[in-house]
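This briefing looks at aromatic rings and at the charges placed over them. Please view the structure with these contacts in mind.

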Amino acid sequence: MSKRIIKKVAVLGSGVMGSRIACHFAGVGLQVLLLDIVPKDVAKDAKPAERNKIVNDALTAAVKSNPSPVYTKDVVKKITTGNFEDNMKDIANCDWVIEVVVERLDIKKIVFDQVEQFRKPGTLITSNTSGIPIHMMAEGRSDDFKKHFCGTHFFNPPRYLRLLEIIPTPHTDQEVVDFLMNYGDLYLGKTTVLCKDTPAFIANRVGVFGMMAIMNVKEKLKLSIDEIDALTGPIIGRPKSATFRTADVVGIDTLVKVAKGVADNCPNDEAIDQFNIPAWLNKMVENNWLGDKTGQGFFKKTKNEKGEKEILTLNLDTMEYGPRAKPKFATLDAAKPIDDLYSRLKMLVAGQDKAGEFYRLFHYGLFSYISHRIPEISDELYRVDDAMMAGFGWEIGAFESWDVLGVAKTTENMKAAGYKVAPWVDEMLAAGNKSFFKVEAGTKYSYDPASKTYKALPGGEAFIVMSNYTDKQIWKNGSCRLYDLGDDVLGLQWFTKMGSIGGDVLSGIQTAIDKAEKNYKGLVIANEGPNFSAGANVGMIFMLAIDQEYDELDMAIRLFQNTMMRARYSSIPVVTAPHGLALGGACELSLHSDKCCPAAETYTGLVELGVGLIPGGGGTKEFVLRASDEMHEDEPETITLKNRFLSIATAKVATSAAEAFGLGVYRKGLDEVVMNQGRRIAEAKKSVIEIFDSGYTTPVQRKDIKVLGQSALGALYAGIHAMRTANYATEHDSVVAKKLAYVMCGGDLSEQTLVSEQYLLDLEREAFLSLCGEKKTLERIQSVLKSGRPIRN
């Protein structure tokens, strides 16, 4: 692997993509030079603020946008702005130059002419184009430019969408390709996918085909926009934006442009008819109904007679907007209670109503299309699945979906329905190979049509997927699975709705620790799916509270507290590897682990105040303990405690793992952010081994936690009263906040006192129990349960 080091990156072009790519580079710790054109009619001797107005306005807008393109606001300080005329010379100090200007080849060539004047030899030079052939941009350039030139296609928004397509030309040095594949993965947190220089590359080629094919099936089955989006969203492992909402977000003109690009440039595509633009879609472009960017597309936000916000749906027959209609399909109703995506997908495709027919036609078309794209767009089929999952947010890839439904049976059904598959699929089946993927001894293999053999996916042990270790499963219960991950390390994961933590999961954690203490070096706790865990099972809490089963509720809270303390004071290291949501009880588990290896995109916090409770699984205790350790003689002790109190009282959620350090959830110098979500479990395993091998000893329970008693309690009560008086808090909010303050101050003590963890846990549990009897708390919990959404502030 190359010794190339990236310290500074130049981003040429500050539009929506350029500014956000610059923010992402800065977010991973790099110095960034962001350049754009000088505004028209601005004099050469004008002040920098005038000459840099376009780039500065673009960066300001990006930083203010939602979702935020940065992990923390202070990373913007790493970005220096300038313009092409005055500052192109500064790219001589950059290690990587990425072009992100308008999608016109003539303009890109002008920019590259300037780049050639100033870039130092050996500097990486790449383009973020989504459609212009990479080799055409390299034409006429110097040999050194060609050797170091490549396509690097980020997806919008770059911070959140994990795909980075790497598209070399025949002139690109292999060292450059290898470097970008590794750097994008390890440092930028991306799923790097090697693509051939074909129209729309991989993700957009397949993704736009999928959207156009769905529109055609919609016409055939006479389905509405609302029906299609209900059928193509989370129910099949796709984003909530489904099909038509996605088109509105991306821009309908962009969708049409990519579809036309494929139709114009891929005359031999067997499914070229699918890319024909329907008359109604052309009409929308003519009307400038382009989606979010113009205020209306397939959906239109408006206000009803009462002044309430309302979303209307376009009727493609009348081209008029009307109220949204909730679709009703028997197949959907039957599948919704099934949590396992594989099982759900099988049921949906087997459906006997119009929904089932839609799923069959859609999947048959998709499977036919991807089979014919090998080897046109990629020699390796796994890259297609990687691209769709990372770029379009699919939970399951297309080839993997085919595996789930049964390759042989589905292929037979496809042919009966008039859909063809590529010859290599028939050859694969004829040779007795029944699937595109298989797992052996924890290693995932992909079928390789060229060699007609299975090959291990690249990355090896750097990308641990616990579900691949089914042959090394050593224990399970109704929700949990415990695996031997090798090297004397166990791995625990659970399968519950939103990763909720109930009795089964707590039992699983306890059992996993027991087994690890007997025969292993330590334990990794992580989950697959979109999220780690949305927290404790509030449904169980609600049922016990509503039935006034306070003894059972007390036992449940004790079990949660004891499990967290078991994680903290076991004789082996326990390392958690959260990602996505890690709220409430999941945050408490992270607080009590020996080390946490969160993915960069981890959203964590103690959110229990959102339903009128306080953290009852040791979270309140742990914040008091940490506040005690953070108290310094040079500042009032109440300030440290107040900051911790406010984090819980306002149910703050960190919007990134980096931000969680500022909230005091993660510990500087101990917990470690993993940029690539797919690497977090391997990093956690590595940490377990390092901690154990360095001579791990069981920590001693703390009895020296300083609590401030009445002096701090009075100050916190005064603040709560002020918030209530100013109507920033309800009466119930005040009740809950006072309970929290009481616990965090150690009770109504007359002076500062050193107390034990158990003392604080008892106070915490008593407060939690008392709040479970509050009518307003039960109403809030019921509201959360009805919404199906996690607790938020």
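Phe367, Phe399, Trp402, Trp424, Phe436, Tyr447 and Tyr454 form one aromatic cluster in this predicted model. Rings of Phe, Tyr and Trp (its six-membered ring) pair if their centres lie within 6.5 Å, with planes under 30 degrees apart called stacked, over 60 edge-to-face and the rest tilted; by this rule the count comes to 28 aromatic pairs.

**Aromatic pairs**

- Phe209 and Phe275 make a tilted pair, at 6.1 Å centre to centre and with 50° between the planes.
- This pair links distant parts of the chain, 66 residues apart, with Phe209 in helix H9 (residues 203–221) and Phe275 in the loop between helix H12 (252–265) and helix H13 (279–286); helices (H or I, at least four residues) and strands (E, at least two) are DSSP runs, numbered from the N terminus.
- Phe209 and Phe275 are buried, that is, under 20% relative accessible area, with exposed being over 50% and partly exposed in between (1.4 Å probe, protein chains only).
- Trp402 and Phe436 have ring centres 5.0 Å apart and planes at 55°, so this pair is tilted.
- Because Trp402 lies in helix H18 (residues 398–405) and Phe436 in the loop between helix H20 (423–430) and strand S12 (437–440), the pair ties together parts that are 34 residues apart in sequence.
- Trp402 is buried, as is Phe436.

**Charges over rings**

- Arg568 lies over the face of Tyr569, 6.0 Å from the ring centre, where the rule asks for NZ of Lys or CZ of Arg within 6 Å of the ring centre and within 35 degrees of the ring normal.
- Lys738 has its charged end over the ring of Tyr717, at 5.8 Å from the centre.

**Basis**

- Residues are numbered from 1 along each chain as its sequence is written, and side-chain values use heavy atoms, leaving out hydrogens and water.
- In this predicted model, local features need pLDDT of at least 70 and side-chain atom pairs count only at pLDDT 80 or more, whereas totals for chains, interfaces and linings use all residues.
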